[in-house]
Amino acid sequence: MTQFEMSDIEYVGLMKFDFLGLRNLNVIGEAVTKIKVNKGIDLDLLKLDPNDKETYDVIQSGHTVGIFQMESEGMRRSIKTLKPQSQEDICYLLAAYRPGPMQYISEYVAVKHGNRNRLCI
(Lines give C-alpha, C1' and ligand atoms only; values in the text may rest on other atoms or scores of the structure.)
Protein backbone atom coordinates (compact mmCIF):
# COMPACT_ATOMS: atom_id res chain seq x y z
CA MET A 1 0.00 0.00 0.00
CA THR A 2 1.31 3.41 -0.91
CA GLN A 3 0.33 7.04 -1.14
CA PHE A 4 2.92 7.76 -3.82
CA GLU A 5 2.11 8.74 -7.40
CA MET A 6 2.14 6.01 -10.03
CA SER A 7 5.24 7.37 -11.80
CA ASP A 8 7.22 7.41 -8.54
CA ILE A 9 6.55 3.78 -7.72
CA GLU A 10 7.03 2.60 -11.34
CA TYR A 11 10.56 3.98 -11.11
CA VAL A 12 11.38 1.39 -8.42
CA GLY A 13 9.65 -1.44 -10.34
CA LEU A 14 6.24 -1.47 -8.66
CA MET A 15 2.78 -1.20 -10.17
CA LYS A 16 0.01 0.88 -8.64
CA PHE A 17 -3.58 -0.41 -8.47
CA ASP A 18 -6.51 1.68 -7.26
CA PHE A 19 -9.38 -0.21 -5.63
CA LEU A 20 -12.92 0.90 -4.83
CA GLY A 21 -12.72 2.13 -1.26
CA LEU A 22 -14.52 0.52 1.66
CA ARG A 23 -16.40 3.77 2.19
CA ASN A 24 -18.08 3.36 -1.21
CA LEU A 25 -18.95 -0.26 -0.45
CA ASN A 26 -20.54 0.90 2.81
CA VAL A 27 -22.63 3.46 0.90
CA ILE A 28 -23.91 0.68 -1.38
CA GLY A 29 -24.71 -1.52 1.64
CA GLU A 30 -26.57 1.31 3.36
CA ALA A 31 -28.56 2.02 0.18
CA VAL A 32 -29.65 -1.63 -0.03
CA THR A 33 -30.73 -1.50 3.63
CA LYS A 34 -32.68 1.76 3.14
CA ILE A 35 -34.44 0.35 0.07
CA LYS A 36 -35.55 -2.65 2.13
CA VAL A 37 -36.71 -0.53 5.09
CA ASN A 38 -38.40 2.25 3.10
CA LYS A 39 -39.73 0.39 0.05
CA GLY A 40 -40.00 -3.18 1.33
CA ILE A 41 -37.80 -4.42 -1.53
CA ASP A 42 -35.19 -7.03 -0.64
CA LEU A 43 -32.57 -6.16 -3.25
CA ASP A 44 -30.06 -8.89 -4.11
CA LEU A 45 -27.19 -7.20 -5.94
CA LEU A 46 -26.05 -10.53 -7.39
CA LYS A 47 -29.38 -11.02 -9.12
CA LEU A 48 -29.63 -7.62 -10.83
CA ASP A 49 -30.03 -7.81 -14.61
CA PRO A 50 -26.78 -6.49 -16.12
CA ASN A 51 -28.66 -5.76 -19.37
CA ASP A 52 -31.61 -3.80 -17.91
CA LYS A 53 -32.83 -1.54 -20.74
CA GLU A 54 -34.30 1.13 -18.43
CA THR A 55 -30.96 1.46 -16.63
CA TYR A 56 -29.08 1.91 -19.90
CA ASP A 57 -31.69 4.45 -21.08
CA VAL A 58 -30.96 6.58 -17.99
CA ILE A 59 -27.21 6.23 -18.43
CA GLN A 60 -27.36 7.02 -22.17
CA SER A 61 -29.28 10.22 -21.41
CA GLY A 62 -26.34 11.44 -19.32
CA HIS A 63 -28.24 11.44 -16.02
CA THR A 64 -25.24 10.04 -14.14
CA VAL A 65 -24.69 12.64 -11.40
CA GLY A 66 -24.09 10.65 -8.23
CA ILE A 67 -22.70 7.63 -10.06
CA PHE A 68 -19.09 7.00 -9.08
CA GLN A 69 -16.66 8.18 -11.82
CA MET A 70 -19.50 9.06 -14.21
CA GLU A 71 -20.61 12.47 -12.98
CA SER A 72 -18.23 15.01 -14.53
CA GLU A 73 -19.52 17.13 -17.40
CA GLY A 74 -16.95 15.68 -19.81
CA MET A 75 -17.79 12.10 -18.84
CA ARG A 76 -21.52 12.78 -19.23
CA ARG A 77 -20.84 14.26 -22.67
CA SER A 78 -18.85 11.14 -23.62
CA ILE A 79 -21.63 8.89 -22.29
CA LYS A 80 -24.30 10.71 -24.30
CA THR A 81 -22.17 10.42 -27.44
CA LEU A 82 -21.25 6.75 -26.95
CA LYS A 83 -24.71 5.65 -25.74
CA PRO A 84 -23.38 2.63 -23.81
CA GLN A 85 -25.36 -0.56 -24.32
CA SER A 86 -23.28 -2.94 -22.24
CA GLN A 87 -21.00 -3.18 -19.24
CA GLU A 88 -18.14 -3.42 -21.73
CA ASP A 89 -18.97 0.05 -23.09
CA ILE A 90 -19.08 1.50 -19.58
CA CYS A 91 -15.81 -0.22 -18.62
CA TYR A 92 -14.17 1.21 -21.75
CA LEU A 93 -15.24 4.75 -20.84
CA LEU A 94 -14.10 4.38 -17.23
CA ALA A 95 -10.72 3.06 -18.36
CA ALA A 96 -10.26 5.54 -21.22
CA TYR A 97 -11.42 8.70 -19.45
CA ARG A 98 -7.90 9.54 -18.30
CA PRO A 99 -5.11 11.70 -19.69
CA GLY A 100 -3.57 9.83 -22.60
CA PRO A 101 -6.19 7.29 -23.65
CA MET A 102 -8.93 9.94 -23.50
CA GLN A 103 -7.89 11.09 -26.97
CA TYR A 104 -9.15 7.78 -28.42
CA ILE A 105 -12.70 7.96 -27.04
CA SER A 106 -14.04 9.76 -30.12
CA GLU A 107 -12.46 7.13 -32.37
CA TYR A 108 -14.00 4.32 -30.30
CA VAL A 109 -17.41 6.04 -30.52
CA ALA A 110 -17.08 6.50 -34.28
CA VAL A 111 -16.19 2.84 -34.85
CA LYS A 112 -18.94 1.64 -32.48
CA HIS A 113 -21.51 3.64 -34.45
CA GLY A 114 -20.13 2.48 -37.81
CA ASN A 115 -18.46 5.79 -38.70
CA ARG A 116 -14.91 4.56 -39.03
CA ASN A 117 -13.71 7.70 -40.84
CA ARG A 118 -15.59 10.26 -38.73
CA LEU A 119 -14.86 11.51 -35.23
CA CYS A 120 -17.97 11.99 -33.08
CA ILE A 121 -16.91 14.05 -30.07
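The model is predicted, so local features need pLDDT of at least 70 and side-chain atom pairs count only at pLDDT 80 or more, while totals for chains, interfaces and linings use all residues. Residues are numbered from 1 along each chain as its sequence is written, and side-chain values use heavy atoms, with hydrogens and water left out.

**Packing of α4 and α5**

- Two packed helices are described by the angle between their axes and the distance between the axes.
- Helix α4 (residues 73-82) packs against helix α5 (residues 87-96) at an angle of about 145°, and their axes are 11 Å apart.
- Helices here are DSSP runs of H or I with at least four residues, numbered from the N terminus; axes are lines fitted to C-alpha atoms over the stretch in contact, and angles run from 0 to 180 degrees between N-to-C directions.
- The crossing of α4 and α5 is right-handed, a term for a near helix turned clockwise from the far one by less than a right angle.
- Met75, Ser78, Ile79 and Leu82 of α4 make the contact with Asp89, Leu93 and Leu94 of α5, where contact means heavy atoms within 4.5 Å.

**Salt bridges**

- Four salt bridges are found in a search of the whole structure; each is a side-chain nitrogen of Lys or Arg within 4 Å of a carboxyl oxygen of Asp or Glu.
- One of them joins lysine 36 and aspartate 42, at 3.9 Å from N to O. Lysine 36 is partly exposed at 46% relative accessible area, whereas aspartate 42 is exposed at 61% (buried means under 20%, exposed over 50%, partly exposed in between, with a 1.4 Å probe and protein chains only).
- Glutamate 73 and arginine 76 form another, with their closest N and O atoms 2.7 Å apart. These two residues are three apart in helix α4, so about one helical turn separates them.
- Lysine 112 and aspartate 89 also form a salt bridge, with their closest N and O atoms 3.5 Å apart. Lysine 112 lies in helix α6 (residues 105-112) and aspartate 89 in helix α5, so the pair ties together parts 23 residues apart in sequence. Aspartate 89 is buried at 5% relative accessibility, while lysine 112 is partly exposed at 29%.
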